[in-house]
Amino acid sequence: MNKVCWPYFDPEFDTLPERIYGPPCRVCIDNESTEECTVVKVDSVDEQGLLLEVVQVLTDMNLQICKSYISSDAGWFMDVFHVRDEYGNKLTDQKVINNIQQAIGRSRGSPSPPNNNNNNNWFMNKTYSKKVFPLVHPNEQHTAIEMTGADRPGLFSEISAALADLHCNIVEAHAWSHNARLACVAYISDQSTDTAIDDPCRLASIEDHLTTVLRATTNPNSGGTNHPDVKTCEFLGGEGTMTTMERRLHQLMLSVRDFESPSKEMGRKRMVTIESCDQKGYSIVSIECKDRPRLMFDTVCTLTDMQYVIFHASISSHAGYAFQEYFIRHIDGYALNTAGEKERVIKCLEAAIERRVCEGVRLELCADNRVGLLSDITRVLRENGLAVVRADVETHGEKSVNAFYVRDISGNEVDVEYFSKSVKREMGPIVTLHVKNDTSRRKITSPERSRLSFGDKLRSRIERLSHGFML
């Protein structure tokens, strides 16, 4: 029998790229270059979605991104972030600095999400309907229910009451309302066992009850926009483990096309404009709006989920306004060619910017956790004529921490003192009740565009970078 010989491969060959180009991800944190900010530099092999991962890490640590420069040509990702802590100061705690480096490193070392094209592209369907999606929370202790539909005053309260009637304990819930649409994700457990609900019959019953609640919003004269068809499915490929709560809420709001609001188009200055960079084949997306926390995450998240790749970007803020420019192409390599595609991107980005801009009063309540607590709190809100436009409910040990943005249904100012008395009278021993007034409408307008735009600056920067990569 002839002896089979195999070619020899030197084991050192596998590490050759790293020895030539360095490790796949380098994170450098500089506290000396500027007096106002801490500079976070990230160099890495480029991958689709990498920018969103890094921005998500910084955002989850409650860091303010006041300036950023991004470039990802020739398969290499180079990014510079100027960040401050939530109080507007430089980062001085070495533990926080170490956590940033470790978190970005873990993000780069994690496996890429599975290619769930069926799950990621459905939100652009033209059919608008109510949806209830059950999936298991990553810790396998809770079951997640995702809901989308047309919003109405008191809907979040009705959802909470329906889950309480079904003997479900709401461990965590997040809801956004925008342009008369609602997206909600609630993590629930069985009231008696405090474990995930996995019985198919009971899940079907929960879905049926919630669907009935959502269907009540249907307008028979809507011409099919609010068609009462209900679709129920279970996400595949571990979607719940790959997508953060806020990113999922963005996707759910897009699924109900909250970016469509004809009444808002009249006489409104656009926050987003799109130009063409024909020399390099990019589309330049420019954003000018009021600055706020998590703004960069919202815009990068939307572009990524709409299947656009960000090659270069420049972000800055001044006098309370944010200026962002993104040089993008579609994932297929083409720029935005048609007016319809540009208009869709503009509307989706403007909706992503507006979703967190809440008009009204922020209420923060902390109480001993119990089954039905959220239902009782939202019932008191509803009975006082208050509509919930955003909600964040979490459980920490034996305590339930609730934050709501509410507005008066009739359009009047919220009587904070009367409401506080009503809550304490109805709810009993609320541990804390903080009220933050925010009744002034946050107008999303922009100052006059500067003479030298970020696009002009980035074009010259791109030219230099491109020549450098070609050498």
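This is a predicted model: local features need pLDDT of at least 70, side-chain atom pairs count only at pLDDT 80 or more; totals for chains, interfaces and linings use all residues.

Visitor: Let us turn to the rings. How many aromatic pairs does the structure hold?

Guide: There are 2 aromatic pairs. One of them is formed by Tyr282 and Phe311, and it is tilted.

Visitor: Why is the pair of Tyr282 and Phe311 called tilted?

Guide: The ring centres are 5.5 Å apart and the planes make 40 degrees. A pair needs centres within 6.5 Å, stacked needs planes under 30 degrees apart, and edge-to-face needs over 60, so the rest is tilted. With 40 degrees between its planes, this pair is tilted.

Visitor: What parts does the pair tie together?

Guide: Tyr282 is in strand E11 (residues 282–290) and Phe311 is in strand E12 (residues 308–318), so the pair joins parts that are 29 residues apart in sequence.

Visitor: How do you know whether Tyr282 and Phe311 are buried or exposed?

Guide: Buried means under 20% relative accessible area. Tyr282 has 4% and is buried. Phe311 has 17% and is buried too.

Visitor: And what makes the pair of Tyr282 and Phe327 edge-to-face?

Guide: The planes of those rings stand at 85 degrees and their centres are 5.9 Å apart, so the pair is edge-to-face. The cut-off for that name is over 60 degrees. This pair links distant parts of the chain, with Tyr282 in strand E11 and Phe327 in strand E13 (residues 321–330), 45 residues apart. Phe327 is buried, as is Tyr282. Together, Tyr282, Phe311 and Phe327 make one aromatic cluster.

Visitor: How do you know that Arg329 lies over the face of Phe311?

Guide: The distance rule asks for the CZ of Arg within 6 Å of the ring centre, and there is an angle rule as well, within 35 degrees of the ring normal. Arg329 lies over the face of Phe311 at 4.7 Å from the ring centre.

Visitor: Now the sheet. In what order do its 8 strands run?

Guide: The order in this open sheet is E1-E2-E4-E3-E12-E13-E11-E10, and the pairing is antiparallel.

Visitor: What makes strand E1 and strand E10 edge strands?

Guide: Strand E1 (25–30) and strand E10 (272–277) each pair on one side only. From one strand to the next, the twist averages 20 degrees.

Visitor: How do you know that E1 pairs with strand E2?

Guide: Pairing takes at least two bridges. E1 and strand E2 (residues 38–45) are joined by 6 bridges and run antiparallel. For Asp30, the bridge partner in E2 is Val39.

Visitor: Which strands does helix H9 touch?

Guide: Helix H9 (residues 295–305) packs on the sheet and touches strand E3 (64–71), strand E4 (76–84), E11, E12 and E13. Helix H10 (residues 339–354) also packs on the sheet, where it touches E10, E11, E12 and E13.

Visitor: How do H9 and H10 cross?

Guide: Their axes come within 9 Å and cross at roughly 145 degrees. The crossing of H9 and H10 is right-handed. Leu295, Asp298, Thr299, Thr302 and Leu303 in H9 meet Val345, Cys348, Leu349, Ala352 and Ile353 in H10.

Visitor: What makes E13 mostly covered?

Guide: In E13, 9 of the 10 residues are buried. E13 pairs antiparallel with E11 over 8 bridges, and with E12 over 10 bridges. Ser283 stands opposite Ile328 in E13, and the bridge partner of Tyr308 in E13 is His330. The hairpin of E12 and E13 has 2 residues between the strands, and there Ala319 takes a positive phi near 55 degrees.

Notes: Residues are numbered from 1 along each chain as its sequence is written. Side-chain values use heavy atoms; hydrogens and water are left out. Rings of Phe, Tyr and Trp (its six-membered ring) pair if their centres lie within 6.5 Å; planes under 30 degrees apart count as stacked, over 60 as edge-to-face and the rest as tilted. Helices (H or I, at least four residues) and strands (E, at least two) are DSSP runs, numbered from the N terminus. Buried means under 20% relative accessible area, exposed over 50%, partly exposed in between (1.4 Å probe, protein chains only). Axes are lines fitted to C-alpha atoms, for helices over the stretch in contact, and angles run from 0 to 180 degrees between N-to-C directions. Contact means heavy atoms within 4.5 Å. A crossing is left-handed if the near helix is turned anticlockwise from the far one by less than a right angle, and right-handed if clockwise.
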